[in-house]
Amino acid sequence: MKKGKRYVACAELVDSNKEYPAQEALEIIEKMPKTKFDESVELHVRLGVDSKQADQQVRGTVVLPNGTGKTVKVLVFAKGDKAKEAEAAGADYVGAEELVPKIEKENWFDYDVIVTTPDMMGIIGRLGKVLGPKGLMPNPKSGTVTMDVKKAVEEIKSGKVEYRLDKLNIIHLSFGKVSFGAQKLLENYTTIIEAIIKAKPASAKGQYIKSVSVSTTMGPGIMVLETGN
């Protein structure tokens, strides 16, 4: 497949046989020719674990010091005082049973994250077949099933991201925008890597972090030298 001129120009800045210190890799991204939109910067971390084993799951959340650069829409399932708390915290949508048919029958997915109070999980469970495949199902491990809806909404709005393994034992996530510049991206990158290292399962043997790369939405991958294990 033929690459465009911009991609080729970006690739010329990268030695595909080299692992770069994180700061240098992000400085290269900063120097790359710009697109017409503010690209996301993505992180890909391959781990030496087996995601099929229950005791080797790596999953968690972390609040990025500089946010993600994205506007995140939050839907909260709650009633009474908790619903009021969610609204005051800046939730985009708040409701209960009345939202079920809208999601099921009208394919309403105008939100990025769902937060729910534990007492609403019976209702949420009925939506598992539609929410699950889209990665929208609330989960206590990601902090989206909680009585503290105020904290949950505020953290998500300020740049909370979830990291989790895929079937190939790789974590993929966006951690900022090209416009952030290398220093702010480095702060976000360091925060995520430290969280992933801290989440190392006790049963994981051998090299934990196998490889790390960063890339922009439309750019080539850059291998990062990451020794934290």
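Is N107 buried or exposed? N107 is exposed, with a relative accessible area of 55%; exposed denotes over 50% relative accessible area, buried under 20%, and partly exposed in between (1.4 Å probe, protein chains only).

The model is predicted, so that local features require pLDDT of at least 70 and side-chain atom pairs count only at pLDDT 80 or more, while totals for chains, interfaces and linings use all residues. Residues are numbered from 1 along each chain as its sequence is written, and side-chain values use heavy atoms, without hydrogens and water.

**View A. The loop that holds N107.** N107 is located in the loop between α4 (100–106) and β5 (113–116). Helices (H or I, at least four residues) and strands (E, at least two) are DSSP runs numbered from the N terminus. Although N107 is not a glycine, its phi is positive, at about 50°.

**View B. The loop that holds N169.** The loop between β6 (160–164) and β7 (170–177) contains N169. This residue, not a glycine, has a positive phi of about 65°. N169 is buried, and its relative accessible area is 15%.

View C. The protein comprises eight helices and nine strands. Of its 229 residues, 44% are buried. Among contacts (heavy atoms within 4.5 Å) with a separation of 6 or more, 71% are between residues 24 or more positions apart. The C-alpha atoms fill a box of roughly 55 × 45 × 35 Å, taken along the principal axes.
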